[in-house]
Amino acid sequence: MTKAPKKPGRTGKALEAAAKPAEIVGQTLGALDPLATAIKRVALDGADKIGRQFAAGAATAGAAASAAVSAVTPKAAAAAPGKPGLQISPLAVPFPAIPPIAGVELASGRAGFYKSERDDVLLMRFAEGTSCAGVFTRHGVGSAPVDWCKKQLEAGGGEDVRALVVNAGCANSFTSKPGADAARRVASAVAKRLDCRQRDVMLASTGVIGVILDDAKIIHRLPEIETKLDADGWAGAAQAIMTTDTFPKGAYAVAEIDGVKVKIAGIAKGSGMIAPDMATMLSFIVTDASLSPGALQTLVSLYTRSTFNVVTVDGDRSTNDTCLLFATGQAGAAKISRAGDRRLGDFREKLEGVMLSLAQQLVRDGEGATKFVKITVNGAESAASARKIARTIAESPLVKTAFAGEDANWGRIVMAVGRADEPVNRERMGVRFGSLVAAQDGAVSPTYSEAKMSAYMKKRELEVSVEVGVGRASATVWTCDLTKRYVEINGDYRS
């Protein structure tokens, strides 16, 4: 990595302070609060602004990530392309048009991890010199593919990563040495076929926990899958990694670096067990920009915090959460080694937009979800406190079932606020549903109207804001409702 200038600006210092190895995910969210404040200038308006843009449907060709989260309601429930028996979420959005990204080819195939006829293995091949960085679950159990990626990124420094292999249907988690050996054999087989080192191959898995990966199924299909490698395979790639997802998730944007147009594209999977802490959540993002692994690590770590870490479906964290960011360097722009480089201003904004789009799509596809809910907490003592309160509200079964029943039961929200065990001023607390005031100054609003509240709750997309009255910090979390369908899906998950 090139030497930083002797006198970097405050923005550059703040971003470089965030540059950590893959183990950055072990830091507490609270410890990152000063950083979040320092980078407000370069993140432009931050996640909340982007969220507002998405909700308003302000999509343009240069910010196609916004288009990916425009509200779309299917006219009739259709069968999902993933697990048989599931219907496409009523909150689903269409998969965006993603053009080829120079330096990456994609292909999928069926290894047979599912009984149904569907692709369940994804192979991505990258050009020589591709940089890579990632963030991973902080779950205490973890998984063999997560361990593999962290080890190889540390060993190779994220330089010259050549391939990614993802399988759905088996998490290869809690499988001890046999699971680790299976992961290594997959990486070895891919490395031989693509003429690279084992450490140049990244791995990811999703599916049932506690089952050792049958690596022979993947290895047997590799020759066939390799022949399908194509630069235009994004939609098929997104479908191959689905488990209980009901629609494939993708996002795309174009940014400018020093006068050169660069592309950013990403896919993700996740529907249940979603409460990322870096949900089951996998995301893979590729750009043809030229960035050093250190710069990539700073950016993916930073924006994971304002995107994947502020969505939740059910409050359960996965053993396999993985978000990998690749830079092929094929766009022709100059290589940039510092995440705080002023030339990355537009790129930083568009990258965060792509990541937020993917994160919000996870919520839109929450198992059994019928409501997409934005929860904002204002007036908190600190950003960390606001996040904790917002997340407590978002993950409360009582609050989520009230959303499902279209009941504006603001008392349950007040309950969740107090249960967060964070500083609040009861006499100044207030609750709003959209523009409707349910409670203010610690009591029911004199303008409260049950009829208006009930009408508002019938909307597919809801916004709840809470004032806790002790400070000036705020935070936003996106979630969904909790329906009977969630119980049904998870009651027969393995069947």
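How many disulfides does the count come to? A disulfide is taken as a pair of cysteine sulfur atoms within 2.5 Å, and by this rule the count is zero. In general, a disulfide is a covalent bond that links the sulfur atoms of two cysteines. C196 has a relative accessible area of 17% and is buried (under 20% relative accessible area, with exposed being over 50% and partly exposed in between, for a 1.4 Å probe and protein chains only). C480 is likewise classed as buried, at 0% relative accessibility.

The model is predicted, with local features requiring pLDDT of at least 70 and side-chain atom pairs counted only at pLDDT 80 or more, whereas totals for chains, interfaces and linings use all residues. Residues are numbered from 1 along each chain as its sequence is written, and side-chain values use heavy atoms, leaving out hydrogens and water.

Helices (H or I, at least four residues) and strands (E, at least two) are DSSP runs numbered from the N terminus. Helix α9 comprises 13 residues, 293-305, and spans 18 Å from its first C-alpha to its last, close to the expected 18 Å (1.5 Å times one less than the number of residues). Twelve of the 13 residues of α9 are buried, among them P293, L299, Y303 and R305.

Strand β6, residues 249-257, is also mostly covered, with seven of its nine residues buried. Strand β6 runs antiparallel to strand β7, residues 260-269, and nine bridges join the two; strands are considered paired if DSSP finds at least two bridges between them. A251 has G266 of β7 as its bridge partner. Two residues lie between the strands of this hairpin, in which D258 adopts a positive phi near 55°.
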